[in-house]
Amino acid sequence: MFSVATLVGCTSIGMSDLFFGYSQQMQESRSAQLRGDFVVATTSVISVNRQHNNYGLSQLEKARLQFLSHDWLASQKSFELAYQQVQAEEQAAKIQISSGLKKVSAVVTNDNAIGYEIPSYEQGMLHSYQALNYLYQGSLEGALVEVRRANLVQERALKTNQAELYKAEEEMADKGINSNKLYENFPSMDNLIGDLKNSFQNAYTFYLSGLLYETAKKFDDAYIDYKRALEIYPNNTFLQQDVLRLANKLNMNEELARFEQRFGRYQGQNKINTGQIVVIFEQGIVSAKEEASLNLPIFNTRSDFKFFTFALPVYRGRLPALIPLSISIDEKSYLSQEIVRLQSLASKDLKEKLPGLVTRQAIRLVAKEQIRQNLSKSGGDVGNILASLYNIASEKADTRSWSSLPDNVQIMRLDNVVVGQKKLMISYAGKKQVVDIDVAENRTTLINFTALGNFTGYQTINL
């Protein structure tokens, strides 16, 4: 096909991106990650240059896997490169720069020819992991910069999300596609989404922010972010206690009274010769996007309706069972509680993006049909057959997403733990592991525990 090689050569995609989905290309890396072989998983991430459409996404994948390898510096550098990509895209949007060639390429190929735009929920996790990278390298100030950035991502998305959704719905309607018909024919992701209101509000990023602000003695800021997290996860008893504790500490008496009406009286007290233990538990891995096909009517070049086959990304199945982490210490046992379900955020983000995906594909399908008709006139049956085969082969769903993220994150906080060397008995899915920690007076011992596939691992630090 004449210009396919030309377009590919002039833009930042490869042939494999046109004919093989991202999920398919990442299978080897995901398999290695589930085995706990993070070095192989990292080297198996698709290697691309700065001009490639997937450059930012590639850096996110590497950074998360390097984080799991406890290579904080390498992870920090990879996340920084991903963040630079986000900043470059934002700057381009401000001055309305458009990559015309990429858009032309997308019209005759598929959405994989468009640069990957890191969605808000992924940006929030980028900054959360980066905060931990700084923390593990001894820089609380660097960590605080990152949690501020994570909060800004959510604030910005809250202001713009609804307007963007409305615009996408309008553009889809202009192509004659009814949103009700789309969702009737599209595989439902509601059982993955649950009762989420949007795709970007992440209680975990607020919780981590509150924890780090509290460590830095910025109690007012910590209180605000704990409350934000509690708004999203009101049934998380650890968040309830965080809010009650700081409302009491800051003498927020009216608010304390309201919270005590909802959650019970605050019973906490600061005991001498004690410290705290906070556990961040990352469980599982997000599902890979799959391809779904459906037929929808759209306006063609003659301004009448014709049915076309759409190839769209989808998350299938149900949420995996949530297994809490159990910790036993000083003859008492505690269970972790969910604070974010990233699989749900990813599924909600995809559902919100469907109108835009469908509109772009409608434009593309009509354009490809016009090319096929022109080639049929100039090349006869041979041109018609070649164009038809190319259209079928090249119409691939965009299955890109940050696929190395955990399925969910859970938290646990233990107050008034007597200082000294402690042995924690950690139980998960029938497996037990002893973790040695050193509890310091008036300090927080942070444990980051990960369980995915057959792998479990942890990192500890005294804040």
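## Charges over rings

Lysine 351 lies over the face of tyrosine 183, at 5.6 Å from the ring centre. The charged end of lysine 249 is placed likewise over the ring of phenylalanine 219, 4.6 Å from its centre. A charge sits over a ring if NZ of Lys or CZ of Arg is within 6 Å of the ring centre and within 35 degrees of the ring normal.

## Basis of the model

This is a predicted model, in which local features need pLDDT of at least 70 and side-chain atom pairs count only at pLDDT 80 or more, while totals for chains, interfaces and linings use all residues. Residues are numbered from 1 along each chain as its sequence is written, and side-chain values use heavy atoms, with hydrogens and water left out.

## Overall make-up

The protein has 17 helices and 11 strands; these are DSSP runs (H or I, at least four residues, for helices; E, at least two, for strands), numbered from the N terminus. Of the 463 residues, 51% are buried, meaning under 20% relative accessible area (1.4 Å probe, protein chains only).

## Aromatic pairs

The whole structure holds 12 aromatic pairs. In one of them, phenylalanine 67 and tryptophan 72 have ring centres 5.4 Å apart and planes at 65 degrees, so the pair is edge-to-face. Rings of Phe, Tyr and Trp (its six-membered ring) pair if their centres lie within 6.5 Å; planes under 30 degrees apart count as stacked, over 60 as edge-to-face and the rest as tilted.

Phenylalanine 67 is buried because its relative accessibility is 3%, and tryptophan 72 is buried at 12%.

## Helices α10 and α13

Helix α10 (residues 140–174) and helix α13 (residues 203–215) have axes that come within 9 Å and cross at roughly 145 degrees. Axes are lines fitted to C-alpha atoms, for helices over the stretch in contact, and angles run from 0 to 180 degrees between N-to-C directions.

Residues of α10 including Leu140, Leu144, Val147 and Arg148 meet residues of α13 including Phe206, Leu208, Leu212 and Tyr213; contact means heavy atoms within 4.5 Å. The residues of this contact divide into 9 nonpolar, 5 polar and 1 charged. Ala, Val, Leu, Ile, Met, Phe, Trp, Tyr, Cys and Pro count as nonpolar, Asp, Glu, Lys and Arg as charged, and the others, Gly among them, as polar.

## Serine 347

Serine 347 is part of helix α17 (residues 342–394). Its relative accessibility is 0%, so serine 347 counts as buried. Leaving aside residues up to four places away in sequence, serine 347 touches Met189, Leu192, Ile193 and Tyr315.

Conventions. Buried < 20%, exposed > 50% of the residue type's maximum accessible area, 1.4 Å probe, protein only.
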